[in-house]
Amino acid sequence: MSDDVQTQIDQAVKGNDVLLFMKGTPTFPQCGFSSVVVQVLDYLGVDYVATNVLEDQAVREGIKTYSDWPTIPQLYVKGEFVGGCDIIKEMFESGELKTYMADKGIEMEAA
């Protein structure tokens with residue numbers, strides 16, 4: 001894996017309060033798991049940046065190395081890897097995700 005790609009990913013993760021690496025875009029998710037995470041973030045009213053890993057194979061593979069997590073989507077908050085679809089869904093359903101976001105100082109405008 002290229003150091004340039006790892007540097008690019010690291011800068012994106014550290015440069016955005018909430019960053020979602022996903023397949024597709026928030027308006028047109030290309031996989032069901034990415035769609036679920038988008039729906040959760042949108043429901044909570046979280047402002048986030050999304051990176052479509054389908055546009056760049058190096059980023060698609062690089063993010064898996066960066067996080068040591070084999071699947072996409074991947075959610076990062078304040079530079080910290082939170083999890084993939086199952087973890088985000090469980091945290092949302094238990095109320096833990098909302099608390100986590102609040103504790104990190106992330107503004108939410110829940111519907």
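# Exercises on helix packing, sheet order and backbone geometry

Helix 1 and helix 3 are roughly perpendicular to each other. Roughly perpendicular covers 65 to 115 degrees; under 35 is roughly parallel, over 145 roughly antiparallel, and the rest oblique. The model is predicted, with pLDDT of at least 70 required for local features and 80 or more for side-chain atom pairs, while totals for chains, interfaces and linings use all residues. Numbering starts from 1 along each chain as its sequence is written, and side-chain values use heavy atoms, without hydrogens or water.

**Exercise 1.** Work out at what angle helix 1 and helix 3 pack, and which residues meet.

*Solution.* 
- Step 1: locate the helices. Helix 1 spans residues 3–15, and helix 3 spans residues 57–67. Both are DSSP runs (helices H or I, at least four residues; strands E, at least two), numbered from the N terminus.
- Step 2: take the axes. They lie 9 Å apart, at an angle of about 70°. Axes are lines fitted to C-alpha atoms, for helices over the stretch in contact; angles run from 0 to 180 degrees between N-to-C directions.
- Step 3: list the contacts (heavy atoms within 4.5 Å). Val-5, Gln-6, Gln-8, Ile-9, Asp-10 and Val-13 of helix 1 meet Ala-58, Val-59, Gly-62, Ile-63, Thr-65 and Tyr-66 of helix 3.
- Step 4: sort them. Seven are nonpolar, four polar and one charged. Nonpolar means Ala, Val, Leu, Ile, Met, Phe, Trp, Tyr, Cys and Pro; charged means Asp, Glu, Lys and Arg; the others, Gly among them, are polar.

**Exercise 2.** Find the strand order of the sheet, then say which strands stand at its edges.

*Solution.* 
- Step 1: read the order. Four strands run 4-1-5-6 in an open sheet with mixed pairing. Strands pair if DSSP finds at least two bridges between them.
- Step 2: find the edges. Strand 4 (49–52) and strand 6 (80–83) each have a single partner strand, so one side of each lacks a neighbour in the sheet.
- Step 3: From one strand to the next, it averages 25°.
- Step 4: check one pair. Strand 1 (residues 18–22) and strand 5 (residues 74–77) run antiparallel, joined by four bridges. Leu-19 faces Tyr-76 in strand 5.
- Step 5: place the helix. Helix 3 packs on the sheet and touches strand 1, strand 4, strand 5 and strand 6. Its direction makes about 60° with that of strand 5.

**Exercise 3.** Inspect the backbone at Asp-68, Pro-73 and Lys-78.

*Solution.* 
- Step 1: Asp-68 sits in the loop between helix 3 and strand 5. Its phi is positive, near 55°, and the residue is not glycine. Asp-68 is exposed at 70% relative accessible area. Exposed means over 50%, buried under 20%, partly exposed in between (1.4 Å probe, protein chains only).
- Step 2: Pro-73 lies in the loop between helix 3 and strand 5. The Ile-72 to Pro-73 peptide bond is cis, with omega near 20°.
- Step 3: Lys-78 belongs to the loop between strand 5 and strand 6. Its phi is positive, about 50°. Lys-78 is partly exposed, at 42%.

**Exercise 4.** Describe how helix 4 meets helix 5.

*Solution.* 
- Step 1: the axes of helix 4 (residues 85–94) and helix 5 (residues 96–103) come within 4 Å and cross at roughly 95°. Helix 4 is therefore roughly perpendicular to helix 5.
- Step 2: Ile-88, Met-91, Phe-92 and Ser-94 in helix 4 meet Glu-96, Leu-97 and Tyr-100 in helix 5. Five of these residues are nonpolar, one polar and one charged.
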